[in-house]
Amino acid sequence: MKRILITGGAGFIGSHLSERLLNEGNEVICLDNFFTGSKNNIRHLIGNNHFELVRHDITKEYYAEVDQIYNLACPASPPHYQYNAIKTIKTSILGMINMLGLAKRCKATVLQASTSEVYGDPKIHPQTEDYWGNVNPIGIRSCYDEGKRCAETLAMDYYRQNKVDIRIIRIFNTYGPNMDPNDGRVVSNFIVQALQNQDITIYGDGTQTRSFCYVDDLVDGMIKMMNNKSGFIGPVNLGNPSERTILEFAKLIIKLTNSNSKIIHKPLPGDDPVRRKPDITLAKKELGWEPKVDIEKGLLKTIEYFEKKIRDEK
């Protein structure tokens with residue numbers, strides 16, 4: 001049994017990771033300030049003797065004795081991270097410093113959940129880990145993009161200077177149950193609009209591309225990365241390389257929900273990347289990992305989750 005700290009553990013990805021690690025026989029401390037996380041995501045875990053829920057903001061120091069730290073704390077959708085941009089960048093940088101300091105003291109392994117947004121609006125396609133990115137340092141998305149880039153820098157410097165055992169993953173678009181219906185991301189927006197037969201909103205002409213990974217596949221990759229003993233610390237891309245346009249994706253959602261929704265177009269937000277697709281060659285080589293869940297199968301599970309959520313809120 002390992003004692004594992006998950007920051008952002010009540011969030012979309014964190015809640016799935018919490019449940020998976022508990023099921024594997026570990027002790028889990030779920031740390032969350034509930035800005036975007038929800039108690040509903042982890043309510044069914046609270047009765048487990050090996051699960052501890054702590055309300056805490058990682059911009060403040062936190063002390064515990066742990067073996068592993070998964071640092072997931074940070075709002076990840078544009079409406080949420082732009083709501084308080086200064087708070088977002090503090091979470092990425094001060095939170096990373098605090099978690100690396102904790103890992104140094106405990107001699108724990110810390111996994112930093114970085115993002116494909118470190119590549120910005122990429123000039124190479126698909127994106128490989130050795131690409132340094134094309135990021136606007138002063139744009140409306142910079143609080144998130146640059147915060148995550150700086151967090152990677154901190155992780156590497158603690159590794160080189162203090163011998164802290166680190167892992168860095170770069171998460172590409174992920175979807176599945178426990179997503180917030182109001183988080184402003186493509187999957188949740190489209191499904192909620194389609195289920196309610198509202199117009200589906202596409203920003204721009206819909207030719208921009210994304211690659212969507214089901215959350216169970218991502219969690220598999222995260223655990224493989226944390227527990228690999230080969231000396232590989234990353235960064236490594238975790239995502240699904242199956243690329244499609246936003247317009248194609250909207251039409252697929254309409255089909256799977258049997259919706260009467262119509263597609264409408266609005267102006268593209270600033271600094272929105274045109275193409276996004278991970279090269280996962282490194283993940284396959286170093287971790288033996290690649291996504292397995294078919295997009296339609298994953299979407300049907302996600303649609304079922306949102307259908308229940310909408311019913312329960314009526």
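Accessible areas here come from the Shrake-Rupley method with a 1.4 Å probe, and for residues only the protein chains shown count as cover. With that in hand, the chain exposes about 14200 Å², and carbon and sulfur atoms supply 49% of this area.

This is a predicted model, in which local features need pLDDT of at least 70 and side-chain atom pairs count only at pLDDT 80 or more, while totals for chains, interfaces and linings use all residues. Residues are numbered from 1 along each chain as its sequence is written, and side-chain values use heavy atoms, with hydrogens and water left out.

**Figure 1. The whole chain, for orientation.** Ten helices and 13 strands make up the secondary structure of the chain; these are DSSP runs (helices H or I, at least four residues; strands E, at least two) numbered from the N terminus. The radius of gyration is 19 Å, close to the 20 Å that the globule rule gives for 314 residues, so the chain is as compact as a globular protein of that length. That radius is taken over C-alpha atoms, and the rule is 2.2 Å times the number of residues to the power 0.38. Taken along the principal axes, the C-alpha atoms fill a box of roughly 55 × 45 × 40 Å. Of the 314 residues, 55% count as buried, where buried means under 20% relative accessible area, exposed over 50%, and partly exposed in between (1.4 Å probe, protein chains only). Among contacts with a separation of 6 or more, 81% join residues 24 or more positions apart; a contact means heavy atoms within 4.5 Å.

**Figure 2. Helix α6 and its neighbours.** Seven of the ten residues of α6 are buried, so this helix is largely enclosed by the rest of the structure. You will find the buried set at Val187, Ser188, Phe190, Ile191, Val192, Gln193 and Ala194. Their packing partners are β7, β8, α8 (246-257) and α10. Just after α6 comes Asn197, with a positive phi of about 55 degrees although this residue is not a glycine. Asn197 sits in the loop between α6 and β8 (200-203) and is partly exposed, with a relative accessible area of 42%.

**Figure 3. The second largest pocket.** A pocket is an open set of points on a 1 Å grid over the protein atoms alone, with protein on both sides within 12 Å along at least five of seven lines; lining residues have an atom within 4 Å of a point. This one has a volume of about 360 Å³, a volume being the space filled by probe spheres set on the points, with grid points joined across faces, edges and corners. The lining includes His16, Glu19, Asn40, Asn41, His44, Pro177 and Asn178, along with Tyr305, Lys308, Lys309, Asp312 and Glu313. At least two lining residues come from each of α1 (12-23), α2 (39-42) and α10 (295-313), and α10 gives the most, with five. By class, the lining divides into two nonpolar, five polar and five charged residues. Here Ala, Val, Leu, Ile, Met, Phe, Trp, Tyr, Cys and Pro count as nonpolar, Asp, Glu, Lys and Arg as charged, and the others, Gly among them, as polar.

**Figure 4. Asn178, a lining residue of that pocket.** Although not a glycine, Asn178 has a positive phi of about 80 degrees. Look for Asn178 in the loop between β7 (174-175) and α6 (186-195). At 17% relative accessibility, Asn178 counts as buried.

Figure 5. Rolling a probe the size of a water molecule over the atoms shows where empty space is left. A cavity is a set of grid points where a 1.4 Å probe fits but cannot get out, and the count comes to one cavity of 30 Å³ or more. The largest cavity holds about 30 Å³ of space. Around the largest cavity are Arg210, Ser211, Phe212, Ser242, Arg244 and Ile295, which divide into two nonpolar, two polar and two charged residues.

Figure 6. Pro235 belongs to the loop between α7 (215-227) and β11 (236-238).

**Figure 7. Asn98 in helix α4 (residues 85-106).** Asn98 is buried, with a relative accessible area of 14%. Not counting residues up to four places away in sequence, Asn98 touches Ile58, Thr59, Lys60 and Glu61.
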